[in-house]
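Subject: The structure I promised you

Hi there,

Here is the structure we talked about, with the sequence alongside. Have a look when you get a moment, and then read on for what turned up.

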Amino acid sequence: MEKIKPLCLTATVASVAFLACIWTASSALAIDNETCLECHSDDTLTRTESTGMKDSLFVDLNKFKYSVHNVNGVACVDCHADIEELDMDNEVPHAVSLAPVNCGNCHDEVAEAYQNSVHKKASHKGVDIPCYACHAYHDTTRLAMATVSERQNSFCLKCHDPYKAHDWLPAKENHFAMVECTVCHAPEVPRHVNLRFFDLVDSAFLKGDVIMRHLQTDPSGFTDLIDKDGDGTISQQEFEDLVLMLRQKDIRGVFHGELVAEINPIVHQVNRGKANRDCSQCHSVTSNFFQDVRMTFDMDDGSVSSYNVDRQVLQTYFVTFNALGTTRVRLLDKIGIALIAGGVAVVLLHLSVRLFTIPLRRKKLDHPEA
Amino acid sequence: MSKEYVHPAPVRVWHWINAFAFVLLVITGVQIRFAELINFLSLEDAVRLHNWVGFIVIADYALWYIYYFSTGKIRLYYPNLRTFAADAIKQAKYYGCGIFKGEPNPHHMTADNKFNAMQQKAYVMLMFIFLPAQIITGIFLWQVKGFENYIDMLGGIRIVDTIHVLIFYFFAAFMIAHTYLATLGHTPLAHFKAMFTGYEDH
C-alpha cells in the first residue's frame with residue numbers, strides 16, 4: 001500500500017542538485033563568505049550613490065546565517081558573480097559598482113514565470129522591480145511554514161495597501177488574515193489549506209518535534225501511526241484519533257488553517273484581472289480551493305513534514321479554519337431540517353384537525369345548549 | 001363585538017420591522033450557507049444584505065427594549081410564578097384539544113395581560129436569550145478578526161458559528177409556528193389585522 005511521502009522530498013532533491021552546482025562554482029573562486037564579511041559585517045559601511053543618497057553595504061550575519069541561501073551553502077560570490085578576484089591592496093578590493101545580481105541564473109523557472117507578470121510588465125512604464133525588491137537581499141528564508149501574515153508582510157504588503165482595493169470584500173480583515181494574496185491574484189497556482197497545531201494552553205504553535213516526541217514517533221513513523229488504513233490520506237476519523245491521542249498526552253489544541261499558495265514558480269504570475277468577485281467560487285462545499293488540505297509540522301532541523309488530509313476535517317470542531325458555506329458542519333443542517341420539518345408537521349397536523357372538526361364546532365354554535 | 005387597544009404603535013412598528021427583517025435574514029442566511037445549491041442572490045449581495053438587515057434588527061431590538069422598559073410594560077412578559085404552571089397546562093390543553101371543540105380560549109387578551117402563559121414563556125426565552133445571543137454571535141461573525149479575543153473566549157469561531165446557525169434554524173421554525181398560531185383568532189386574519197390597527201376584537 002502506498003504510504004504518505006513527505007511533500008518536501010522533491011524540494012530536497014532539487015536542493016541537493018542545486019547545491020552540488022553551487023559548491024563547484026564556489027570552490028573554483030575560493031573567495032569565502034568570511035573574507036567578504038571582514039568588511040561587510042561593519043554596520044557603518046556605506047557607499048554614496050550618484051544621487052547623493054547613502055546606501056548601506058552592511059550584511060547582518062545574524063540574519064544571513066539563517067537565510068535559505070547560507071543554509072544551503074551559497075557563497076556571496078555565487079550571486080555577486082562579477083567578483084572574480086579580490087585585490088587587497090585597494091581600499092575597495094573589488095569593483096566599486098557591481099552588476100545587479102541575476103537570481104535567474106539559478107532560479108531559471110521562476111525568472112521565466114516572472115516574465116508574464118504585472119510586476120515585470122511594469123518595466124515598460126520605466127519601473128524596474130527586481131527579485132530582491134520583494135525577496136530582500138540577504139535574509140531570504142524558507143516559506144513552506146510561513147503564515148499568511150508572514151508571507152504577505154514579506155512581499156505584497158511592502159508596496160500594496162490591501163484596504164485601498166477591497167472595499168467590496170465582506171469581512172476583509174478575515175480574508176487578509178486567512179488567505180494569501182496570490183490565492184486569488186495568481187489563481188493558476190496550486191493552493192492548499194495548511195493546518196498547523198495550535199496549543200491552546202500555551203497559546204502558541206507547537207513545533208513538530210514536540211508533537212512527534214509526545215507521540216513517540218518521528219516524521220517517517222507518523223504516517224504509520226496515524227494513517228492506519230494506509231491510503232495516503234488522513235481521514236476524518238484518523239484525524240480525530242490524532243487529536244484524542246494528543247489530549248491523552250495532555251496536549252490540548254486545535255489545528256489552525258490558512259489558505260496558501262504552493263511554493264511554485266508560477267506563483268510569480270500575478271496579473272491584472274486575475275482575481276474575480278465571485279464569492280461562491282470559494283464559499284461552497286464544491287469549491288476546488290479546498291481540495292488539497294495538508295497538515296504540516298516544522299522541525300528543529302529546518303525541515304518541514306507535510307501530510308495529506310481529507311478535506312472533511314475542515315468541517316470538524318478541531319479546525320479553526322472557517323469559510324462560510326464551505327466548512328459548514330453538516331450535523332447542524334440535519335438538526336435544522338429536523339426543527340423546521342417538525343414545525344411544519346405540527347402546523348399541518350393541527351390545521352388538518354382544525355379543518356376536520358369544523359362541522360363539530362358549527363354544530364356547537366348552532367346548538368349551544370348541546 | 002367590542003375592540004380593545006392592545007398593540008401600541010411602537011410595538012406594531014417594532015413587530016413588522018422585525019418580521020420583515022427576519023424573513024430577509026432567513027433568505028440571505030440560506031443563500032450564504034448553501035451557495036452551491038441556491039442562487040437567487042450573489043453571495044456578495046447576500047452577505048452585504050444580511051449584515052445591513054442584521055443591524056436593522058439590532059436597532060429594532062433597541063426600540064423594543066427602550067419602549068418596554070421605559071413604560072414598565074416589560075412586566076407583560078413576566079410569568080406569574082404562582083399560576084404559571086397551571087395556566088400553561090390549561091393553555092396547552094386548549095391548543096391541543098379545546099380549540100377543536102369550539103371551547104373558549106382560557107386566556108383573555110387585554111392591554112395589561114397580553115400574553116398567555118405559553119406565550120410568556122416563549123417570548124421571555126426569545127427576547128432575553130435567543131435574540132441577544134443571535135445578535136452577539138452575528139456581530140462577532142460580521143467582524144471575525146476584530147472580535148477575535150471575544151470569539152476565543154467563547155471557544156472559537158466554530159462554536160460561535162454553531163450557536164448562530166442553530167438559533168437561525170430555531171427562528172426559521174419559530175416563524176412557521178408563529179404565523180400559524182396567529183391564525184387561531186376568532187377569524188383566521190383577526191390577529192393579523194390587530195397587529196396593523198392595534199385593536200383586538202373581543
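This is a predicted model: local features need pLDDT of at least 70, side-chain atom pairs count only at pLDDT 80 or more; totals for chains, interfaces and linings use all residues.

Now some context for the chain. Chain B has seven helices and two strands, in the order β-α-α-α-α-α-α-α-β from the N terminus on. Along the principal axes, its C-alpha atoms fill a box of roughly 55 × 35 × 30 Å.

Helix 6 of chain B (residues 157–181) also packs with helix 4 of chain B (residues 117–142), at an angle of about 135° and with the axes 9 Å apart. That angle makes helix 4 of chain B oblique to helix 6 of chain B, and their crossing is left-handed. On helix 4 of chain B, the residues making the contact include Tyr123(B), Leu126(B), Phe130(B) and Gln134(B). On helix 6 of chain B, they include Ile157(B), Val160(B), Phe170(B) and Phe174(B). The contact of helix 4 of chain B with helix 6 of chain B comes to 15 nonpolar, five polar and one charged residues.

Helix 1 of chain B has a further partner in helix 7 of chain B (residues 190–197): their axes come within 8 Å and cross at roughly 120°. These two helices are therefore oblique to each other as well. Here Val11(B), Arg12(B), His15(B) and Trp16(B) of helix 1 of chain B meet Phe192(B), Ala194(B), Met195(B), Phe196(B) and Thr197(B) of helix 7 of chain B. By class, that gives six nonpolar, two polar and one charged residues.

Finally, what about the interface with chain A? Chain B and chain A bury about 3400 Å² between them, with 64% of it on carbon and sulfur atoms. On the chain B side, Phe100(B), Arg158(B) and Tyr180(B) lose the most area to chain A, together 24% of what that side buries. The contact draws 35 residues from chain B and 45 residues from chain A. There are two salt bridges between the chains. One salt bridge joins the side chains of Glu36(B) and Arg328(A), at 2.8 Å from N to O.

Happy to go through any of this with you.

Best wishes

Conventions:
Residues are numbered from 1 along each chain as its sequence is written. Chains are lettered from A and ligands numbered from 1 in the order in which they are written. Side-chain values use heavy atoms; hydrogens and water are left out. Axes are lines fitted to C-alpha atoms, for helices over the stretch in contact, and angles run from 0 to 180 degrees between N-to-C directions. Helices (H or I, at least four residues) and strands (E, at least two) are DSSP runs, numbered from the N terminus. Angles under 35 degrees count as roughly parallel, over 145 as roughly antiparallel, 65 to 115 as roughly perpendicular and the rest as oblique. A crossing is left-handed if the near helix is turned anticlockwise from the far one by less than a right angle, and right-handed if clockwise. Contact means heavy atoms within 4.5 Å. Ala, Val, Leu, Ile, Met, Phe, Trp, Tyr, Cys and Pro count as nonpolar, Asp, Glu, Lys and Arg as charged, and the others, Gly among them, as polar. Buried area is the accessible area (1.4 Å probe) that two parts lose on being put together, summed over both. A salt bridge is a side-chain nitrogen of Lys or Arg within 4 Å of a carboxyl oxygen of Asp or Glu.
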